[in-house]
Amino acid sequence: MTTTQTSPLAFLKGHGTENDFVIVPDADNAVELPAAAVARLCDRRAGIGGDGLLHVVRSATHPEARAMADEAEWFMDYRNADGSVAEMCGNGVRVFARYLQHAGHVTAGEVAVATRGGIKRVHLDKDGSVTASMGRARLPEDGVTITVDGRSWPARNVNMGNPHAVAFVESLDHAGDLSTEPPYAPAEVYPDGVNIEFVVDRGPRHVAMRVHERGAAETRSCGTGACAVAVAAARRDGADPAAIGTPVTYTVDVLGGTLIITEHPDGEIEMTGPAVIVAEGTIDPSWLGAGEFESVND
């Protein structure tokens, strides 16, 4: 039986290269988060504001993560800003690990985080940066064509546990305002929607990107998107680490900063960048509204 939340709900706010998140600590998975409540919390005018929400629960308490509990104590139950469920978020997993450190659950060093995209290993560096193991990219052969304001580009299909379409363009301005999802075809390539990256070259193994994130419009950064961009750029440049036998590193500029992406010959990808906790507090239950949040405990 569920009951309406009547006590203040703890939250924090964090960001990684200005990809920002509402963080809801809930170790026992006692708080149900309907899509409407997540969207309200992420609203930048009427709520706390964020590109997404990090629901922090112990893996053993969540049905989607119990099978990973022996390897990863904590599960990142990630939600897009519109309340929809997402498989993974690269900046989010770094901020998630920073929260675990902030809360005293882990110390500097290695931490395993369960996600819907699998277990991600994160290293909290003493210099303040965070390196996340992002797994391997999959490169489905079917791509799409993206069209904005009469211009069209082919987009490389890259899956980082979530779907991406990477288009190399002449100018980042060609992406338009990205307040709505750019049209792409054929639509059936991405039946559950897609994150779309527009990319320009800045120098040798150095690119810049803008991104429309599925369920969140344009964001200041996207970690899995930066990984997808680095992989697509490496293949375009003939720098496949598996083929040349050495790691390949790209610097990826996003609107909110810079991420360093390294792909190893075995396919493993690492992402390094900042992760910051900026605030914490409580949410007034009277603001939440009846039925907005529910506790699964009496």
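## Core, strand pairing and aromatic contacts

Leaving aside neighbours within four places in sequence, Ile-261 is in contact with Ala-226, Cys-227, Ala-230, Val-248, Thr-249, Tyr-250, Val-252, Ile-269, Glu-270 and Met-271. The model is predicted. Ile-261 also belongs to the largest nonpolar core, which has 53 residues; together with Met-76, Met-209 and Val-252, Ile-261 touches the most other members. Helix H3 (residues 223-236) supplies the largest share of this core, 9 residues. Another core, of 19 residues, lies apart from it and includes Val-148, Leu-178, Tyr-190 and Ile-196.

Strand S19 (residues 268-274) pairs in the antiparallel sense with strand S18 (residues 257-263) over 4 bridges, and Met-271 in S19 is the bridge partner of Ile-261. The hairpin of S18 and S19 has 4 residues between the strands, and Gly-267 takes a positive phi near 95 degrees there. S19 also pairs with strand S9 (residues 129-136), again in the antiparallel sense, over 7 bridges; Glu-270 in S19 is the bridge partner of Ser-133.

The count of aromatic pairs comes to 3. Two of them are listed here.

| Pair | Centre distance | Plane angle | Class |
|---|---|---|---|
| Phe-21 and Tyr-78 | 6.0 Å | 75 degrees | edge-to-face |
| Trp-153 and Phe-198 | 5.9 Å | 85 degrees | edge-to-face |

Phe-21 lies in strand S3 (residues 19-25) and Tyr-78 in strand S6 (residues 74-80), so their pair ties together parts 57 residues apart in sequence. Phe-21 counts as buried at 0% relative accessibility, and Tyr-78 is buried with a relative accessible area of 2%. Trp-153 in strand S11 (residues 151-159) and Phe-198 in strand S14 (residues 195-203) are 45 residues apart; both are buried.

Rings also meet charges. The charged end of Arg-40 sits over the ring of Trp-287, 4.2 Å from its centre, and that of Arg-236 sits over the ring of Phe-168, 4.4 Å from its centre.

Key: Residues are numbered from 1 along each chain as its sequence is written. This is a predicted model: local features need pLDDT of at least 70, side-chain atom pairs count only at pLDDT 80 or more; totals for chains, interfaces and linings use all residues. Side-chain values use heavy atoms; hydrogens and water are left out. A nonpolar core is a set of buried Ala, Val, Leu, Ile, Met, Phe, Trp, Tyr and Cys residues joined through side-chain atoms within 4.5 Å. Buried means under 20% relative accessible area, exposed over 50%, partly exposed in between (1.4 Å probe, protein chains only). Helices (H or I, at least four residues) and strands (E, at least two) are DSSP runs, numbered from the N terminus. Contact means heavy atoms within 4.5 Å. Two strands pair if DSSP finds at least two bridges between them. Rings of Phe, Tyr and Trp (its six-membered ring) pair if their centres lie within 6.5 Å; planes under 30 degrees apart count as stacked, over 60 as edge-to-face and the rest as tilted. A charge sits over a ring if NZ of Lys or CZ of Arg is within 6 Å of the ring centre and within 35 degrees of the ring normal.
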